[in-house]
Amino acid sequence: MPDNTEYENNDQQSPEQPRTLGELLRREREAKRITVETIAKDLKLNAKYVRALEANQYDSLPAEPYVRVYLRSIAKYLLLDSEEILKR
């Protein structure tokens, strides 16, 4: 029984895995206390596109090659594995 209690405590401490790519990006950005505007300014991206990526609103983004560049740039900025991000 003590093992179950320990397991339950570990479950409560570990955050739920992000379900979408946008959620992962938003969580990482917020964990680093970076605003959308800061990322947009530093990467010379439109803040509207950063918000759209975080909201998984791909219809409001430009063509796929641009989105891939945006995702790669944001991933590197947030110190994430850009190849893994692109696979998702």
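Student: What makes R51 and E37 a salt bridge?
Tutor: This is a predicted model, and in it the closest N and O atoms of R51 and E37 are 2.4 Å apart. The cut-off is a Lys or Arg side-chain nitrogen within 4 Å of an Asp or Glu carboxyl oxygen, so the pair counts as a salt bridge. The pair links distant parts of the chain, with R51 in helix 4 and E37 in helix 3, 14 residues apart.

Student: Why is R51 called partly exposed?
Tutor: R51 has 40% relative accessibility. Buried means under 20% and exposed means over 50%, so R51 falls in between. E37, with a relative accessible area of 44%, is partly exposed by that rule.

Student: Which residues bring helix 3 and helix 4 into contact?
Tutor: From helix 3 they are V36, E37, I39 and A40, and from helix 4 they are A47, V50, R51 and E54. These residues divide into 5 nonpolar, no polar and 3 charged.

Student: Why is helix 3 called oblique to helix 4?
Tutor: The axes of helix 3 (residues 36-43) and helix 4 (residues 47-54) cross at roughly 125° and come within 8 Å. Roughly perpendicular covers 65 to 115 degrees and roughly antiparallel begins over 145, so this angle is left as oblique. The crossing of helix 3 and helix 4 is right-handed.

Student: How do you know that helix 3 and helix 5 are roughly perpendicular?
Tutor: The axes of helix 3 and helix 5 (residues 64-77) cross at roughly 110° and come within 11 Å. That angle lies in the range of 65 to 115 degrees, and therefore the two helices count as roughly perpendicular. In this contact T38, I39, D42 and L43 of helix 3 meet S73, I74 and Y77 of helix 5. The residues divide into 4 nonpolar, 2 polar and 1 charged.

Student: Why is E23 called buried, and what is R27 called?
Tutor: The relative accessible area of E23 is 17%, which is under 20%, so E23 is buried. R27 has 28% relative accessibility and counts as partly exposed. E23 and R27 form a salt bridge, with their closest N and O atoms 2.9 Å apart. They are 4 residues apart in helix 2 (residues 21-31), so about one helical turn separates them.

Student: How many salt bridges does the structure hold?
Tutor: The structure holds 7. R26, R29, E30 and E54 are linked in a network of salt bridges.

Note on methods
Residues are numbered from 1 along each chain as its sequence is written. This is a predicted model: local features need pLDDT of at least 70, side-chain atom pairs count only at pLDDT 80 or more; totals for chains, interfaces and linings use all residues. Side-chain values use heavy atoms; hydrogens and water are left out. Axes are lines fitted to C-alpha atoms, for helices over the stretch in contact, and angles run from 0 to 180 degrees between N-to-C directions. Angles under 35 degrees count as roughly parallel, over 145 as roughly antiparallel, 65 to 115 as roughly perpendicular and the rest as oblique. A crossing is left-handed if the near helix is turned anticlockwise from the far one by less than a right angle, and right-handed if clockwise. Contact means heavy atoms within 4.5 Å. Ala, Val, Leu, Ile, Met, Phe, Trp, Tyr, Cys and Pro count as nonpolar, Asp, Glu, Lys and Arg as charged, and the others, Gly among them, as polar. Buried means under 20% relative accessible area, exposed over 50%, partly exposed in between (1.4 Å probe, protein chains only).
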